[in-house]
Every structure is written in structure tokens, then in C-alpha cells.
Amino acid sequence: MSSGSEARIVGAAEATYERHPAVERRTDTFIAEAVVAALADAGVDHGEVDGFGVASFSLAPDHAVDLAWKLGLTVKWLMEDTNGGASGVNMLQHAQRAIEAGDAETIVIAAGDRMEKREFHLMTDRYNKVARDYMAPLPLNGPNALFAFLTERYSRAHGLEREDWACVPIAQRAWATKNPGAVYRSPMTLDDYLDSVPIAPPLTRYDCVPIVSGGDAIVVTSAERAEELGGPSVGVRAIRSIYNPDQQDGDGINTGFAAIRDDLWSAAGVRPEDVGAAFIYDDYPVMVAVQLGDLGLIPGMDIKRYVHKTLLEEGWPMNTSGGQLSAGQAGAAGGLHGIVEATRQLRGEAGERQVEGLELALATGYGMVLYTHGASHNAAVLERHG
Amino acid sequence: MSAPMTVAECPTCGYLAYPPRILCPNCGDSDWKRRLAGSGVVTEVTVRRPVFKRRQLPWGNWLDQEATRLAAVQSDVGVRIIARVPEGVEVGDRVALVQQGSTAIALPGHQVEAVPLGEEPAARVNPPLSDWPGRQEGE
């Protein structure tokens, strides 16, 4: 019986996000490109992979095993994740345990979607039975209106104005100018933000993620194999998750992240102020504020000061890829996007936007609106090795 | 045709659910009865511009698209309901909650004309679910 070891992320890659992909570029294409690039980044041979996990909204009627076949992978460990924005951290949590238990040694985790406007709206209208039966007929037209409500509620509770919310996308756009993979790379001014097209007031275009097609992948292997491969790798200090913490009876701005906070930091053996960068699931600026607050990253819960001073003025490294708000949301790949950027940063491969001396980072996942707000929450504390 | 809004109520513990669930999260019971939730207060409003000129619903028929005014409504029985609202309904307004099929609609005024399910129930919010760390009171 094989015994496992600690898990390490040794490679990460993204299939270039595209707003309007050519017709022949399907979901499989984007996922495959990300997988190939992640293996190349890790220096791991295709034949060495013995575990595969995938998340996608548009894989049907295929499943993980169909994709493993099409990618030529024979695996001992297989999973398909349906948690959308929380799928990346969830798959990493499972992969870590599989490697520790010795069930597999080298796991590829991938996510991706071909997602255009029409495909996005077909997806959101059929997101779940409640979306199909109760929301689509309103018509809701996707989740923007629900997050407009959460933004209003949060603004009221914390005394925020549009000028405050502007700090989140503007700060992230400043990072995106240094990420050639982001779909929006030109600097954003306060006027750009304030003058942008209303989508679901108070939300405007720059509060909503650009819908893109793309794919993300990481390679996770044992500490021993990571050592052989050489170079820096990324270890998992702790991952904590909670699903359906409040039966949708909560207000959506006090979330399950608060429920996992203490356990996460105590399992990781570090404090929120010890992380040098954060990769927060940013489907909307309000969820960035909610997660940073509930996970304990905002001193004294002074959110106004945090967004103006820490994020905008000091440029503290939060979502250094530009996040989904600037880089784009490629369907379920959005759940892996932050982990890919965290891996690049921790391994020192982030190019012009590299955070110097980064040792510890936080990556989060959030998603799966059941009725009024998301039900899936998870967070990973990641550290650099080597 | 529209009917007053109803939500599911667990007869064992009084937990209220909308949309309906299978098992009561509070006591695990699977028997539900209906309870009138015909009125509430608007807490947030937004307007969604149409995404497409015409759009096909999941069951096949096509709908011409107009801007849709949507609201989060805190019903008087305590359950939050996402509803379509007409022009003129604003945050803080009392509204009547009605349903057309499974679509929730909030209309100006708080009187529900037809009350087919007995007398108007007294307001009751959901009993607290088992506490989880970090859970905070609402605003």
C-alpha cells in the first residue's frame, strides 16, 4: 500500500481568455490548452498524470471521464465539480487529501467554458431548478439584480457610496495593466467608473465581470515529486469550506466565510495579517468586501479606509491578475483563476506584476446562488516552498 | 390570474420556506403546509435592462423583453422574496405580494383582496437555526 505525502502545486496555466472565440474553439479546446500549458509549466510528462478533476458549466453531455479519455489520461482518481466559483478551491481540497492518502500522486485540476452572451444566459436561466422555475420567469436575466440588492444592503450597513465601490475595480485594473492575459488592460479612472453603463443599478458595467471563454489548470503532486522537479512549489497550509450555512435565510452580506474564518486561520497556523497577497473570488465588488471582511483581512472593519488606502493608494496585492473584473470570467474557470494567479505569484512567475518576497497567500471561492445569494464558500491559505 | 403569495410552513416547528424545500432545515420534518405571505416591505429595488429583444424561456415560449423592475421584499412573515415590481414602487414601500404561477410580484399597497386561506396570520419570523460561529445579526 502506498502512503502519500504533503501536496504541492507545481504548475499553473491559463488558456488565453477571449471575448469572441472562433466557432471551432469549444469548451474542450480551452480546457485542453490549459492542461497542456500547466503540465509544461510544471515540467511534468502527460503520462505521469494519475488523477484528474474538472469543473465546467458546458461539458454536458460529457463528464470528467469523457474528458480524461479525450485528453488521453488514464487515472486512479477522478472528480467533476459543480460548485462554480467555489469549484477550484474544492477540487484542490480533495486533491490534497488524495495525494496525502496515496490514492494518486500527480493530479491535474482544470476548469473552463466557452461562454458568450447567449450561452451565459442559457446557463443562468437553467442554473438550478429555482432559477429555472422561480427566477427566469420574472425575468431575472442572470445574477446581476441579486448582487445589486446585496450591494445596496452592504452600502447601507457600512455607509458606502459609489466612489467607495469604484476603488475595487480601479485598483484591480491597475494590476491588469501588467497582465497580458487580462481582457481589459487600459487604466480605469474614477470618471470611467462613474460614467459607465448601468446594468442593474447601483451596478454598472465595471461592477460586473466581462463574460469570456477560457480555461485554467493546475498540477498538484507529492512533496517528493515536487522536490525532484526542482524550483519553487506551493503548499496548502489549510483549506476550509462551508456550503449552505444559512438556508438562504441570511442577508447575504454576513456569510459563511465568517463561519470558517477562525478554523481556517487556526488550522493554517497564521493570522490574516500574515498573508502577503489575496486572491478573492470577485464576481462583484461587494463580494470582495464581504470576503475580505468576513475572513478578517480588514482591520477594525473599516472598509472605506481599506478600499481607498490599502487597495487603491498602497496597491496592496489583491487580485493581481486584475481579477475576474478585469481579466474576465470564463465560466467555471473563474473558480480556478485565483489559484492559478496565486501559484504564479508564489512561484515567482508573475512577470511585471510579481509581488516581491511573497511567502503566504489567501485564495477564495464563492458561488452557487440558491435563491438570494451564494451558498458555496471556501478559502485556502497557500505557502511557497523552495 | 394572480393569487396571494404563499410560502411553505413546517407544521412541526413553524419554519417558513420560499421557495419550498423537501426537508425542514430546522427539524427535518417533510410535511409542509401553505401559509399566506401576502404583504411585506421593499428593501431593495433595481432595474434590469433587457439582454435580448426576444428571449426563449426554458419551456420553449418566446417573450418580448422590456426593462424589468425587480425588488427584494421582506415579507411580513419573515421570508425574503425576490419579486417583480411595477414602476413607482420604491424602497421602504409596503407592498402586496401575489404570485402568477411561480412568479412573485409585489404590488403597491398592503391589502390583499382575496384571502382564501383563513385569517391573516400574525407575523412570525423563522426560529434561529443552529448557531454557527461568526453568524451575526442582520443590520
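So, strand β2 of chain B, residues 6–9, pairs with β4(B) in the antiparallel sense, over four bridges. When I say strands, and later helices, I mean DSSP runs numbered from the N terminus: at least four residues of H or I for a helix, at least two of E for a strand. And two strands pair if DSSP finds at least two bridges between them. One of those contacts to look at: B:T6 has B:L36 in β4(B) as its bridge partner.

Before I go on, this is a predicted model, where local features need pLDDT of at least 70 and side-chain atom pairs pLDDT 80 or more, while totals for chains, interfaces and linings use all residues. Residues count from 1 along each chain as written, chains are lettered from A and ligands numbered from 1 in written order, and side-chain values use heavy atoms, without hydrogens or water.

Back to chain B: the open sheet has three strands in the order β3-β2-β4, paired antiparallel. Its edge strands are β3 (16–17) and β4 (33–36), each pairing on one side only.

Now chain A. Is helix α12, residues 285–294, enclosed or open? It's largely enclosed by the rest of the structure, because 10 of its 10 residues are buried, meaning under 20% relative accessible area; exposed is over 50%, partly exposed in between, with a 1.4 Å probe and protein chains only. After α12(A) comes A:G296, with a positive phi near 90°.

Last stop, A:V75, in the loop between α2 (64–70) and β3 (77–81) of chain A. At 25% relative accessibility, A:V75 counts as partly exposed. Beyond its neighbours within four places in sequence, A:V75 contacts A:V49, A:D50, A:G51 and A:F52, contact being heavy atoms within 4.5 Å.
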